[in-house]
Structure formats: structure tokens, C-alpha cells
Amino acid sequence: MNPKQRPVPRATALWTVVVTSVAGFMAALDNLVVTTALPSIRADLGGTLEDLEWTVNAYTLTFAVLLMLGAALGDRFGRRRLFVVGLAVFTGASAAAALAPGIGALVAARAVQGVGAAIMMPLTLTLLTAAVPAARRGAALGVFGAITGLAVASGPLVGGSLTEHLSWQWIFWLNVPVGAVLLPLARFRLGESRAPGARLDVPGTLLVSGGLFGIVYGLVNGEGHGWTSPRVLLALVGGAALLAAFVRHGTVARAPMLPMRLFRDRAFLGINAASLLMFLGMFGSIFLLSQFLQTVAGYSPTEAGLRMLPWTGMPLLVAPFAGILSDRIGGRPVVAAGLALQAAGLGLYALVLEPGMSYPAQLPGLILGGLGMALFFAPAASVVMGSVRPAEQGIASGANNALREVGGALGIAVLGAVFAARGGYESGQAFTDGTVPALWIGAAVVALAAAAALMIPSARVPRGGRAVATEPGAAAGAAAPARGEPAPAAG
């Protein structure tokens, strides 16, 4: 350690873990928390089916397209400062959503929520990595991964329980007191950090934001307006063209927001491909299965969420140990094994799914999927942060989170389109006929994610030591992040 650099006090490290994990939980929870509340929202506020879809997608869309801008702003103006700004925007928009007088106001508030989350979320990992010593970083990332992973998967349970026992407004009111407590803690307990020489890349920001908006907008509206309709084709083709221009910009610009050279590193390429594919399969499957348990099996929203706990609750139990294990043997085997188990769980669920199936018949698939999800989250975060230099950790976190969100939007759109083509809501059998092929596609996509994870370099493990990346590029990417502490191995 450089003698001029002081280690982070243990209290600061602990507060950083707490604040970033709770903030990450709120941002991740709001991806799917609204799904089980949609019937109540429609009964109260009215609106068309497309309006209801946008109560989910407005958040996902703004979250995805602005994530890298949020990371870049934090690198430039201070990560703690921008984290507080994002948290304040997210909290205020949550109150606005709870108070929305109509469906249009709710969709607008959800979009602003996504803006706050996009500023806040990519800075959680950079703040955490800078504050926690390398020797304990795997465990800290394990806690973070467990909490945020649980939030992603438990959204339907939390939303259903609050809607059933209180009202749908409480899925948004929940964020307000939590945000009010976190704001002063973040301001006074977190350490400030920046990326040296960071600059805003305005052309790159416009290209990636416009490109992601076009792709996600086209996918969201494809089923409702027709995949060959002018607006959908224009959005998809225009979005793809803008993303292609963004890739070229990242190759030739002097200081791009996302340098394409990062993808030459096998760890960075592999973990980002795996993250996108994993969220594609997982989000789409959770979206359909939470509805199956209510629409076909006849459970209440709370009962459906409780019966998914063997899947959704597993990250809270296993992910911290997965983070420690990845420190010992490297991220590659843990991530790949987790994705393989997730794929097997979805495939097993698809094999037994039928209208009159018993709950015990569902348990093997739920448990395998839960173990797989738990093994993925914490090591994936460690691999992302360890695959780049310290000055690039903010944008690496933003890129990974953006790809996850895009994967989630793709998952709902693609698996939803498969469901609509093969089944429907007319009867329990029709719903099952649409869900089974969608689950098989979800399983296949997550299996591809496991294959992508094998691109991550293996690690050599010194006797009695932590895993160390074997490739020079990965090792260089794991240089000291901040305050002289070495970063975790790239796995």
C-alpha cells in the first residue's frame, strides 16, 4: 500500500455495505414489484393494457438507457454526491407514484423513478469496492449480491403482499421512509471518490441512450402494434443503427464513455454476455410464473409469492458464501455452475408444468433455480469490478447493470411473445400451453449464459491464498481501486 494513502476506517466500510445494499435493494425491487399489483391499479386508475405494461416498462426503460450516464456523472462529479442525488430523485418519484391521480401520472412517475435508479445503482458497486479492503471484499459483495438478487426475484411477493393487505400505493410508499433514512447516512457516512481525469462523453451518451431506447421501445410495443408496423420497425432498426454507431464511437473516440477495448478482456466480455442472457431468461420466467401461480393455480398474490420463496429467497442464504467461495477458487466456476443450475431448474419446471400440478412437484425446479441464482449474483459483481482498472470501475458497473436491464426487458418481451403465440389467458390449459415453451426458451438462454461464463479466465489459487487471475490483462484490470487497496481477482 502506498504510505501516503490511508486505509478506509472499518466503520466507513460497514456503513458503505449497509447503505449501498439497501439502496440497491430498492432499485432492484422496483423492476418487478408492480407486476402483481396491475389488476388493482387498473381497477383504481383505469387505462388500457398498453398503459399497464408501461407502468412496468417505463421504469425499466429509463433505468436501462441512463445507467451509463449515471456512472459517468459519478466518475466526473463525485460518486457519493451523485449517489445522494439519485437516491433523492428515486425517493421523491416514489412518493409521486403513490400519489398519482391517473395512469398517465403513474407512468411518468415510474419513468422518473428509473432516472433516479440509473444514477444511483451503478455507483453502489464503485462505492463499495473503494471502501471495503480486498481481503473482505468477496464477503461484502456477497452480502450486496444476496440483497439485490433477493430484491429482483421477490418483487412479485412484496408487491402482491402490500397490494393484498394494504393497497397498491404502498408498493411505492415503502421506498419513501427508507430513502429518507438513507439520505443523511449516505451524505455523512460514505467516503467520496472520483475517477481521475473523468470526462463526460456527450456523443456517446446520446448514441447509447437513443439506441437502447429504440430497441427496448420496439420490443415492448412489438406484440401490441405488430412486429412489422412502421413504429416498431423504425424503433428497432433505428435503435440498432445508433448502437452500431455507439460501438464505433467507443472504438475511435479519444475518451469514450464505454471503451470497446474493455471487451477484449475475456473476463469483462464473458461476465457481461452471461449477465444479459441470465436476466433475459430469469426476468421473463418470473414474469410468467408469478402469473401462472395466480391465474391457473388460484393462489392469492401473497400465496403465490410465498410459494416462490424456494427460488426467490435462496440468494439471501447462499450468495454470501458464494462470494467467499469465488475468492477461494475464482469467479468462473461459481458463476458457470450457478447458471447451469438455473437453466436446469427452468427446464425441470417446464417438464412438470400443467394446470393441476401439485406444489411438491414444483419444488425441485424452484430449488435448483434458487441455488443457481444465488451462486451467480455475488461472484458476477466481483468479476465485473475486478476485470477493469480502478478509474473504469464506475463505467464497468454502469455497463453491466445496463446490460442486465436490457436483458430483463428482452426477457419479458421475448418470452411474452412466445407465450402469446402459443397460448393465452382464456383458460388454465391455454396459459400453460403458452408458458411451457417460453420456459424452455428461458432455460436455453440461461444455458447459453453458462457457456458465455466459461470465457472468464480461470484462476490459479496459491496454497492458503485467494484466487489470482492467470491472464496478464485480467490481473492488470485488478489493480488497486482506491486508497491503495488491491481489487478482487477477475476470476
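A polar contact is a pair of N or O atoms within 3.5 Å; within protein, one atom must be able to donate a hydrogen and the other to accept it, and residues adjacent in sequence count only if both atoms are side-chain atoms. One such case: the side chain of Thr432 reaches the backbone oxygen of Gly428 at 2.9 Å. This is a predicted model, where local features need pLDDT of at least 70, side-chain atom pairs count only at pLDDT 80 or more, and totals for chains, interfaces and linings use all residues. Residues are numbered from 1 along each chain as its sequence is written, and side-chain values use heavy atoms, with hydrogens and water left out.

**Overall fold**

- The protein chain has 19 helices and 2 strands. Helices (H or I, at least four residues) and strands (E, at least two) are DSSP runs, numbered from the N terminus.
- Of the 491 residues in the protein chain, 60% are buried. Buried means under 20% relative accessible area, exposed means over 50%, and partly exposed lies in between (1.4 Å probe, protein chains only).
- Among contacts in the protein chain with a separation of 6 or more, 81% come from residues 24 or more positions apart. Contact means heavy atoms within 4.5 Å.

**Surface**

- The protein chain exposes about 18000 Å², and carbon and sulfur atoms supply 67% of it. Accessible areas come from the Shrake-Rupley method with a 1.4 Å probe; for residues, only the protein chains shown count as cover.
- Phe77, Leu200, Val202 and Leu206 make a nonpolar surface patch of about 360 Å². Patches are made of residues with over 30% relative accessible area and no salt bridge; like charges are joined within 9 Å, nonpolar side chains (Val, Leu, Ile, Met, Phe, Trp, Tyr) within 5 Å. A salt bridge is a side-chain nitrogen of Lys or Arg within 4 Å of a carboxyl oxygen of Asp or Glu.
- Val202 lies in helix α9 (residues 202–225).
- Trp227 sits in the loop between α9 and α10 (230–252). Trp227 is partly exposed, at 35% relative accessible area.
- Beyond its neighbours within four places in sequence, Trp227 contacts Gly218, Leu219, Gly222, Val232, Leu233, Leu236 and Ala417.

**Gln113**

- Gln113 is in helix α5 (residues 103–131). Its relative accessible area is 0%, so Gln113 is buried.
- Neighbours within four places in sequence aside, Gln113 touches Asp30, Tyr59, Phe90, Ala93, Ser94, Phe172 and Asn175.

**Aromatic pairs and helix α18**

- The whole structure holds 5 aromatic pairs. One of them, Phe292 with Phe431, is tilted, at 6.3 Å centre to centre and 45 degrees between the planes.
- Phe292 lies in helix α11 (residues 266–295) and Phe431 in helix α18, so this pair ties together parts that are 139 residues apart in sequence.
- Rings of Phe, Tyr and Trp (its six-membered ring) pair if their centres lie within 6.5 Å; planes under 30 degrees apart count as stacked, over 60 as edge-to-face and the rest as tilted.
- Phe292 is buried at 1% relative accessible area, and Phe431 is buried at 0%.
- Ring pairs link Phe292, Phe419 and Phe431 into a cluster.
- Tyr425 is in the loop between α17 (393–422) and α18. Neighbours within four places aside, Tyr425 contacts Gln291, Phe419 and Phe431.
- Tyr425 and Phe292 are 133 residues apart in sequence and 9.9 Å apart in space, C-alpha to C-alpha.
- Thr432 is in helix α18 (residues 428–453) and is buried at 3% relative accessibility.
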